[in-house]
Amino acid sequence: MPTGSWTAFSFAGIGTDWEISTPLPLPAPLQSQLLATVEKYDAAWSRFRADSLVTKLAGSAGRVEFPPEAARLGALYQQLYRITGGAMTPLIGGSLERLGYDAGYSLVPSGPALPAPAWEGLLEWAGTSIGSSRPLVLDIGAAGKGLLVDLLAEVLRAQGLTEFLIDASGDMLHSGTEPLRIGLEHPYQPTQAIGVVELFNSALCASAANRRAWGDGLHHVLDGATGKPVSTVVATWSTAATAMEADALATALFLTDPATLEQDFDFDWLTVYSAGNAAFSAHFEGTLFS
């Protein structure tokens, strides 16, 4: 939470903890509107709910109409699928389930790693309409939490709020007149920081192999081409204008060279590799501790 007299509205949603900090307490009707936005999002995009639109798509071939945010999400995924040569894909859901990250959270692999199917000829994502030629498990987790951060920010701004911090367990969006200093969590020691970054009217998102990890070397960041967890990178951070983009790029940094992403996106980044070294963008607004 920002320093000073700001107050926080805390709640749980899409499997994680949220905190929205504002100079004044949010009125009860606005709190209800924010929670309704989370519920609507979860009912559309969760692959862990039996009643979601994603689960409907997994049940049979056909076409499903998704909420308005599907258009921007689909465009971003198509762009990153192309840039990463298919390594980053919304079709990774079946691969995650194979390794045990399924709707029942079994966390027990049911077989060897399963590459994600090719987008071409299978998935038709046009605006808000998503269709497939056979049942498929869609997983938009690489950008999904960031997208929900942006949706909640839209609710706040529609009510005239210009100063706030949305913190979705480390994925953040700041709006205000004063920058904030944010600690960067150590990928192996969560109670420690490896550095700090200044966040000002932008989003900061992270991805780490120690989050949602289970078994021997198993975690949630998979290479779509192989279906295997990425082993060369342990943590990434990215800052961008929107949380959806920052969230997606934090995942993409596990899967492709940052210089390749910089050709298409305006963002800053930090990557920590499994070999123990780190790299960051030329204009990264942060400081790493020695």
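This is a predicted model: local features need pLDDT of at least 70, side-chain atom pairs count only at pLDDT 80 or more; totals for chains, interfaces and linings use all residues.
Biologist: Which residues touch the most other members in the largest nonpolar core?

Modeller: That core has 66 residues, and Trp45, Leu80, Trp125 and Leu138 are the ones that touch the most other members. Helix α5, which covers residues 141–158, gives the most to this core, with 10 residues.

Biologist: Is there a second core, or what else is there, and which residues does it include?

Modeller: There is a second, separate core of 16 residues, and Leu165, Met172, Leu184 and Val234 are among them.

Biologist: Back to Trp125, what does it touch?

Modeller: Leaving aside residues up to four places away in sequence, Trp125 touches Trp45, Trp119, Ala70, Leu73, Gly74, Gln78, Pro90, Ile130, Leu138 and Ile140. Trp45 and Leu138 also belong, with Trp125 itself, to the residues that touch the most other members of the largest core.

Biologist: Changing topic to the sheet, what is the strand order?

Modeller: It is an open sheet of 3 strands in the order β3-β5-β4, and the pairing is antiparallel. From one strand to the next, the twist averages 15°.

Biologist: And why is one side of β3 and of β4 left without a neighbour in the sheet?

Modeller: β3 (62–65) and β4 (123–126) stand at the edges and have a single partner strand each, so one side of each lacks a neighbour in the sheet.

Biologist: How many bridges join β4 to β5?

Modeller: There are 4 bridges between β4 and strand β5, residues 129–132, and the two run antiparallel. Within that pairing, Leu123 stands opposite Ser132 in β5.

Biologist: What about α3, which of its residues are buried?

Modeller: The buried ones in α3 are Ala70, Leu73, Gly74, Leu76, Tyr77, Leu80, Tyr81 and Ile83, and what covers them includes α1 (28–45), β4, α5, α6 and α7. The helix itself runs over residues 70–83, with 14 residues, and reaches 20 Å from its first C-alpha to its last, which is close to the 20 Å expected at 1.5 Å a residue.

Biologist: What follows the helix α3?

Modeller: Gly85 follows α3, and its phi is positive, near 65°.

Biologist: Last one, where is Thr256, and is it buried or exposed?

Modeller: Thr256 lies in the loop between α6 (243–252) and α7 (258–262). Its relative accessibility is 18%, and because buried means under 20%, Thr256 counts as buried. Not counting residues up to four places away in sequence, Thr256 touches Ile83, Thr84 and Leu261, and Ile83 is one of the buried residues of α3.

Notes. Residues are numbered from 1 along each chain as its sequence is written. Side-chain values use heavy atoms; hydrogens and water are left out. A nonpolar core is a set of buried Ala, Val, Leu, Ile, Met, Phe, Trp, Tyr and Cys residues joined through side-chain atoms within 4.5 Å. Buried means under 20% relative accessible area, exposed over 50%, partly exposed in between (1.4 Å probe, protein chains only). Contact means heavy atoms within 4.5 Å. Two strands pair if DSSP finds at least two bridges between them. Axes are lines fitted to C-alpha atoms, for helices over the stretch in contact, and angles run from 0 to 180 degrees between N-to-C directions. The expected span of a helix is 1.5 Å times one less than its number of residues.
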